[in-house]
Amino acid sequence: MPPQNVLIVDLNNFARYPTLAIGYLVAPLRAAGFAVEILSPLSHGAPPMTHEREETTKENWIRRINFSTHPIMQRLHEPLRKLYSGNENKPHPYTLRAVDEILQQRKPDIILLSAYLNHYPAVKSLGEMAKAAGVPVLLGGPAFSNEKTIQEWQHLDGIDLIFAGEADAIIATLVKQTIAGTINAHWPGVCLPSNDNDSQIHIAPPLPNLDQLPIPDFDDFPWDAYPHRIIPIMTGRGCSWDVCTFCSDVVTANGRTFRSRSLDAVLNELKVQSERYQSKDFIFLDLKINSNLEVWYGLIENFQKVVPGGRWIATVHVDAKGENGLELEHLQAAKAAGLTRISFGFESGSEKLLKLMGKGTRMNRNRQFLDDAHTAGLSVRCSMMMGYPGETSDDLILTAEFLDDHRIQLDRIRPARFKAIPGTRFERLYHKRPGRFKGLENMQWDYSQARASYSYTPAAEKSYRREKARVLKIIHSINAQPLRDDARQFDGLM
């Protein structure tokens, strides 16, 4: 009997390296005897997206418009966002054409869609195409771990099953039963089509033992389309801090609760993947790679033993209390082990705001970390946020002063406007007592896209806008600088 054919459509148009979540699905499916084909938009004309590169004046002006809090712009933000997202997120025509050709020429037994919520139009179109061809569709993605969000997607035509949770360990069984039409509706994670908002949602619990994960299979990804051969890997899922009020990563499918892989499993994967894909460059996608200090220290000690001459980048959390593995001696050892670029969430220069956000760090610790990372020779990138409820012009003054003081230590800054996201601690705190977030008005929750629209009135004040413009000017001056030579391989990542 010939193997059953599985088509995986990876709607992640933007990655500059293989999609780790897809690799985790391909490996067990092939081990179970399925014939797997991956359709990557990058192979069909979709351009890869970069996070932050050496900036031009154009990027600076686009950011200033995006961050504008002038009263007129505050009213225009949501209409402009909808216009932009509607154009940006429309189905990629080449991807649709490629799927249509596959359905006509070598019809698969099932289609697996890996999607983010902004892929709603593409999922809708692909579901309709698959239904017309008589092919079942299994949909999954990190955001399908919120009941209200799933309910907004359950009515899509042609989607036979939404899986809510981590499917890595059971994907072969899910696919087999979906093809056969025998899927168990009461199985945790299985969400069948429904137009009923009171339908029962079964969200699968987090996968407890990450060492049962296979080594991801990236064989069919368009390696020639990537600027560099960079291999993604994770040492664990979730974040050991897990307190930041705004963080949505810790409430998505694989971010719920912190779980770590063993050091031996991580080192083995590094060795195997480097040999398999002929590359020594890795990106660690952990939310916080220093969550498990035993693995963090072991990685520093052993990386060059398993990948001689290798380089890697990672994200850390700068904790304020206790050992966090980011002291100068550890950063110097990490640099010697191949760590080239390090990223962290700076968020704000205001102690008051950091406390409101639940960041668990202090400004003196952030200063020390930047000084030590720079001394160690690391390229440092940070993310930050403006517009968090409670932020005033005084807070922005502190942020500007911090950034100005650390221009030399920072290579890239990725600023973001505060987003109110369902499932986060912020949503729970807001629903419990909205009055604690003074200045927030017109809050409207959109569960289909897992976001909210609102207005923050203090941001319209002249003093706030003046200091915000100062912050944005400093950010642009930093981002307009070229990266140091040894970090250019990873420019545009993280």
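Is F284 buried or exposed? I looked this up and found that F284 is buried, with a relative accessible area of 1%, where buried means under 20% relative accessible area, exposed over 50%, and partly exposed in between, with a 1.4 Å probe and protein chains only.

Before going on, I noted that this is a predicted model, in which local features need pLDDT of at least 70 and side-chain atom pairs count only at pLDDT 80 or more, while totals for chains, interfaces and linings use all residues. Residues are numbered from 1 along each chain as its sequence is written, and side-chain values use heavy atoms, with hydrogens and water left out.

**Entry: aromatic rings**

I found 20 aromatic pairs in the structure; rings of Phe, Tyr and Trp (its six-membered ring) pair if their centres lie within 6.5 Å, and planes under 30 degrees apart count as stacked, over 60 as edge-to-face and the rest as tilted. One of these pairs is F284 with W312, which is edge-to-face, at 5.5 Å centre to centre and 70° between the planes. The pair links distant parts of the chain, since F284 is in strand β10 (residues 281-284) and W312 is in strand β11 (residues 311-316), 28 residues apart; strands (E, at least two residues) and helices (H or I, at least four) are DSSP runs, numbered from the N terminus. W312 is buried too, with a relative accessible area of 0%. I also noted a cluster linked by ring pairs, made of Y388, F418, F426, Y430, F437, W445, Y447 and Y454.

**Entry: strand β13**

Next I turned to S379, which is in strand β13 and counts as buried at 0% relative accessibility. Its side chain is joined to that of D411 by a polar contact of 2.7 Å, meaning a pair of N or O atoms within 3.5 Å; within protein, one must be able to donate a hydrogen and the other to accept it, and residues adjacent in sequence count only if both atoms are side-chain atoms.

V380 lies in strand β13 (residues 379-386) as well, and V380 is buried, with a relative accessible area of 0%. Leaving aside neighbours within four places in sequence, I found V380 in contact (heavy atoms within 4.5 Å) with residues including I342, F344, L370, A373 and D411.

**Entry: helices α10 and α12**

Which residues of α10 meet α12? I found that L328, L331 and Q332 in α10 meet F369, D372, A373 and T375 in α12, and these residues divide into 4 nonpolar, 2 polar and 1 charged.

Terms used:
Ala, Val, Leu, Ile, Met, Phe, Trp, Tyr, Cys and Pro count as nonpolar, Asp, Glu, Lys and Arg as charged, and the others, Gly among them, as polar.
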